[in-house]
Amino acid sequence: MDRRRSLKWLLSLSALPMINAGLALAKEGAGPVLRKSKAEWASLLPRPAYRVLFEEDTERPVPVP
C-alpha cells in the first residue's frame, strides 16, 4: 500500500464516529427546538422577528449613518 492510499484509509477510519453520530441524530428526528408551537415562538421572539419568520413580513432596512 502506498503512502497516499494509507492516509486516505486512516482519514476514512477517523470519519466513522462522526458518520455514526450523524446517523444517530437523524434517527432521533428533530430536536425539541423545532417542535415548538407558533404561540411558544411568539412568546420567545421579538414581534418583528416573529413576523419575519412566520408571517412572511420583510425586515426593515437599517438606516445608514
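Reply: The protein has three helices and zero strands. The model is predicted. Ask about any feature.

Me: What percentage of the residues count as buried?

Reply: Buried means under 20% relative accessible area. Of the 65 residues here, 3% count as buried. The accessible surface of the protein comes to about 6,300 Å². Carbon and sulfur atoms hold 63% of that surface.

Me: Which residues make the nonpolar surface patch?

Reply: Leu-7, Trp-9, Leu-10 and Leu-13 make it. The patch area is about 420 Å². For a place to look, take Leu-10, which sits in helix α1.

Me: Now the aromatic rings. How do I read a pair?

Reply: Two values describe a pair of aromatic rings: the distance of the centres and the angle of the planes.

Me: How many aromatic pairs does a search of the whole structure find?

Reply: The search finds two. One of them joins Trp-41 and Phe-54.

Me: Which parts does the pair of Trp-41 and Phe-54 tie together?

Reply: Trp-41 lies in helix α2 and Phe-54 in helix α3, so the pair ties together parts that are 13 residues apart in sequence. Phe-54 itself is partly exposed, because its relative accessible area is 28%.

Me: Which residues do ring pairs link into a cluster?

Reply: The cluster holds Trp-41, Tyr-50 and Phe-54.

Me: On to charges. What is the general idea?

Reply: Side chains of opposite charge can pair when their charged atoms come close.

Me: How many salt bridges does the structure hold?

Reply: It holds three. Start with Glu-55. Its bridge to Arg-47 has the closest N and O atoms 3.6 Å apart. Glu-55 also meets Arg-51, at 3.8 Å from N to O. Arg-51 in turn bridges to Asp-57 at 3.4 Å, N to O.

Me: Which residues are linked in the network of salt bridges?

Reply: Arg-47, Arg-51, Glu-55 and Asp-57 are linked. Trace it from Arg-47 to Glu-55, then to Arg-51, then to Asp-57.

Me: Is Asp-57 buried or partly exposed?

Reply: Asp-57 counts as partly exposed, because its relative accessibility is 22% and the buried class stops under 20%. Arg-51 is partly exposed at 33%. Glu-55 is partly exposed at 41%. Arg-47 is partly exposed at 48%.

Me: One more. Which backbone oxygen does the side chain of Ser-43 reach?

Reply: It reaches the backbone oxygen of Glu-40, at 2.7 Å. Ser-43 lies in helix α2.

Me: Is Ser-43 buried or exposed?

Reply: Ser-43 counts as exposed, because its relative accessibility is 61% and the exposed class begins over 50%.

Methods. Residues numbered from 1 in each chain as written. Predicted model: local features only at pLDDT ≥ 70, side-chain atom pairs only at ≥ 80, totals over all residues. Heavy atoms only, no water. Helix = DSSP H or I, 4+ residues; strand = E, 2+ residues; numbered from the N terminus. Buried < 20%, exposed > 50% of the residue type's maximum accessible area, 1.4 Å probe, protein only. Polar contact = N/O pair within 3.5 Å; in protein donor to acceptor, adjacent residues only side chain to side chain. Patch = residues over 30% accessible without salt bridge, like charges linked within 9 Å, V, L, I, M, F, W, Y side chains within 5 Å. Areas by Shrake-Rupley, 256 points an atom, 1.4 Å probe, with all protein chains shown as cover. Salt bridge = Lys/Arg side-chain N within 4 Å of Asp/Glu carboxyl O. Phe/Tyr/Trp six-rings, centres within 6.5 Å; stacked < 30°, edge-to-face > 60°.
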